[in-house]
Amino acid sequence: MNKPLRRVAVFCGLLVIALLVRVNWIQFVEADELRNHEDNRRVAIERYAHPRGNIIVGDKAITGSTETSGSDFKYKRTYKDGPLWAPVTGYASQAFGANQLEALNDGILTGNDDRLFFNRTIDMITGKDKKGGNVVTTLDANVQKAAFEGLGDRKGAVAAIDPETGAILGLASSPSYDPSSFAGNSNKDSKNWVELDKDKDKPMLNRALRETYPPGSTFKVVTAAAALESGKYDMDEPTGAPETYKLPLSTNTLGNEVKGVCEDATLREALQWSCNSVYAMLSDKVGNEGMIEMSEKFGFGNAELDTPVRAAESIYPEMDRPQNAMGGIGQASNRATPLQMAMVASAVANDGELMKPYMVEKLVAPNLNDIEVTQPQTLSEPLSGENAQKMQQMMETVVNEGTGSNAKIDGATVGGKTGTAQHGIDNRDLPYAWFISYAKDPDSDKQIAVAVVVEDASANRDDISGGGVAAPIAKSVMEAGLGR
Amino acid sequence: MSSSHTSTISSVAAPSRRNTELAMLVFAVLIPVFAYINVGLAKEDTVPAGVFGYAAGLGCLAAVAHLVVRKFAPYSDPLLLPIATLLNGLGLVLIWRLDQEPSLTTPTLGGPMAPGQLMWSAVGVGLFVVVLLFLKDHRVLQRYTYISMAAALVLLIMPMVPGLGANVNGARIWIRIPGLGSLQPGEFAKIVIAVFFAGYLMVKRDALALASRRFMGLYLPRGRDLGPILVIWGLSLMILVFETDLGTSLLFFGLFVIMLYVATERTSWIVFGLLLSALGAVSVTSFNSHIGDRVDNWLNPLARSPVNDGVTETAQAMYSFGSGGLFGSGLGQGFSRLIGGIATKSDYILATVGEELGLTGLMAIVVLYGLLIERGMRTALAARDPFGKLLAVGLSGAFALQCFVVAGGVTALIPLTGMTMPFLAQGGSSVIANWALIAILLRISDTARRPAPAPAPSPDAEMTQVVRT
């Protein structure tokens, strides 16, 4: 009986070997995948097992961590002025995951990033608890406050950029939410989350980065830039446009808000009074291809604009002639995020050079060593220096003598453009009030470019216009940016 | 193969290896004690208060077992007892460690399990001692061939009896004994049925092997030879299928095929067995939803539960293994409690091993089981009588199949079937039955290695000397 016995022994050995192979497969080959699987609760447990690093504005942390009990998770995220900073920080919730800076810099904040390996090892040897690094933002607390308070309880968004570097100074969205309200995993947190998620006003939507709007008349800045760059027009030469413009290949006509100033107006006058007829004609003359090219130089059509939080793609699509003419005044299917329109203003203010917007100045280790410092980057040069100077003069005329007078700041150079974007079927809905602008302080050399959009303002329809509703917000944001 | 010396009767006493066994037993006790301290340090930052009681308890059990072996089975295999002790000790530590998790120690889940397990281990070692004391020669068991058959059937039917049986986690394999707790008769049936198979096959092996007709290239035995065993086997399978205990039916079937193969030396049994088991597996899987679910879980271990979109136990176990990685999180520092429920301490205990001791620790445990199994096989090889050979191969084969089915199920190598990892997992019946199994193996190996009485000195020896001049 020994021969079959030996075979059975070999068979049992094979069973054991099969087990050993299998164990090696899941614990060695597949281990990383299993360890980091989204359903593996250990990931979340580990994430909240130590106080998280902070997101910092100026030199103050706008986040914190507090110890919790009664669950797997030891620490909970807290936010100072949650609704004010939510569009910047995003949220980190024990139950609902994380987004925006909290998610993108999770490795640094939890201390798991490979670049913190050395710190972690030292901490382990010296027996210290694991600590996360910090994320230092480029934001300016005063600008952010001015933006958020300026919006008040109206729906809308503000984006503010330093034109010289591209550093984002303000990023406000209203209505907002408090990420602290669902940072834990209690029933109350779930209830708050569900309420926010179902809210028809979408408080968790980051309108400054992630929502696109019809840009309305603020888009005339892009059209004007395209006209100047084409070399066929100059800012103080008559354009030859009629008072009422008949759209090409169409019987529809386009009139102007301010009467009697637009016929044969110059580029400067047409921007000053926001002449639809002039800019629709210019857009048609430049052509769809030219308009697309110019808007893309300003950052439209970039689906991967990472600040590092990715901004939604602003678009100027291919359109037929009548639509393209309407696109020139921002009333066709072209759409832009508030950040995108702030970029337009910033490129003009920065003498034609568009800087890539960013909101993380640097990542620092728990021991305060810099891990990564963001260097300002040129994204493109949509305008020549000379044409940019002309655009500045035109935009300054808008503020000094035109529709944007509400944004005037004494002692500072301010350029701007109003916009009122119709929307809804047959334009029945309340329009969006836009204002884009920049301000430079000759004394302190400070600069700021701002875009403001206010949705469905609850005021009387006639009063809703970029100049009336959005410009005062832009003004207070610019004043904060200039340190006034 | 140089195994001849183990099966040859020699008048020269083989080394008894009892001191080797003692030295290894010291490690087998020390390792779990250090593991126990390790858990305490990880969980509470102090050496746990119970460590002396635990060390004394495990040490006592090991000492008693060793002394009994030294006295009553002096030539038995030196590896079996230390490995069983080590596995039992580690199992106790793991259960105690899981008792520290509040979510696993709620009153509905039965509270802390480690004290009970220690008690059952003591009962198991008690049975071990009883077997070695009273079973002077394993061949005595041959007399009980048909009683074993009846006993196995009774044990298997018991969970089906209304009022006595209990349905736990979808399988009806438990009986409740008032005042004592619940018992899994299948664990004992495993030993008893091996005794029956060994006794029956030893008598009928020649008839089964030789008096057969050739059919399609296979040798099929006559019905009257195979009949009884086929009936018993079929009955046990039927019962187990009704109890939806696929693991145990697989074990019994495998046991049957292995023993038949060894007894008759005919490979056709293997082919036959594989065909039948494939047929059985397919039909059971398609008819039984409980088992069908497990097959689904096995094919997609990480998929979420179709019922409530929750993370399944299978997936949780996989995450445990993956998170453990090469070296594990350290005892007491893992999160295998996420598997939840009562199975964490029994069926899924290997997941805790994998997570907290890592690939290294889990491989060590698997290798320990492998060693135990192969020592059992070696005992079968060394045994001098066919009954001993068959019984040893049956017992170690059953043990091997059980280890493979449980470990393979937990690691999603094969579909999960509810069985306990011998010695390691929580479960009184399992610990007791496996200690008895080890005792029988020790008895067989003792008989095999015991030297024959020295032959009487021959007076003619002098006369036959070659005289050289």
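I begin with open space: the largest pocket holds about 1700 Å³. Please bear in mind throughout that this is a predicted model.

Which residues lie nearest the centre of that pocket? They are A:Glu46, A:Ala49, A:His50, B:Gln333 and B:Phe335, out of a lining of 46 residues. Several elements give two or more residues to this lining: from chain A, α2 (31-35), α3 (41-47), α6 (106-110) and α7 (117-126), and from chain B, α2 (18-44) and α12. By class, the lining has 18 charged, 18 polar and 10 nonpolar residues.

I turn now to the interface of the two chains. Here 32 residues of chain A are in contact with 53 residues of chain B. Together the chains bury an area of about 3800 Å², and carbon and sulfur atoms account for 71% of that area. On the side of chain B, B:Tyr261, B:Tyr319 and B:Leu381 contribute 14% of what the chain buries against chain A, more than any other three residues.

What of the polar and charged pairs? The interface has 16 residue pairs in polar contact, both residues being at pLDDT 80 or more, and 3 salt bridges. A salt bridge joins the side chains of A:Arg42 and B:Glu355, with 2.8 Å from N to O.

The side of chain B that touches chain A draws two or more residues from each of α9 (246-264), α12 (313-324), α13 (349-382) and α14 (386-410) of chain B. Of these, α13(B) gives the largest share, with 14 residues. That side comprises 32 nonpolar, 14 polar and 7 charged residues.

Key:
Residues numbered from 1 in each chain as written. Chains lettered and ligands numbered in written order. Predicted model: local features only at pLDDT ≥ 70, side-chain atom pairs only at ≥ 80, totals over all residues. Heavy atoms only, no water. Contact = heavy atoms within 4.5 Å. Buried area = accessible area lost by both parts, 1.4 Å probe. Salt bridge = Lys/Arg side-chain N within 4 Å of Asp/Glu carboxyl O. Polar contact = N/O pair within 3.5 Å; in protein donor to acceptor, adjacent residues only side chain to side chain. Helix = DSSP H or I, 4+ residues; strand = E, 2+ residues; numbered from the N terminus. Nonpolar A, V, L, I, M, F, W, Y, C, P; charged D, E, K, R; others polar. 1 Å grid on protein atoms, 1.4 Å probe; cavity = no way out; pocket = protein on both sides within 12 Å on 5 of 7 lines; lining within 4 Å. Points joined across faces, edges and corners; volume = space filled by probe spheres on them.
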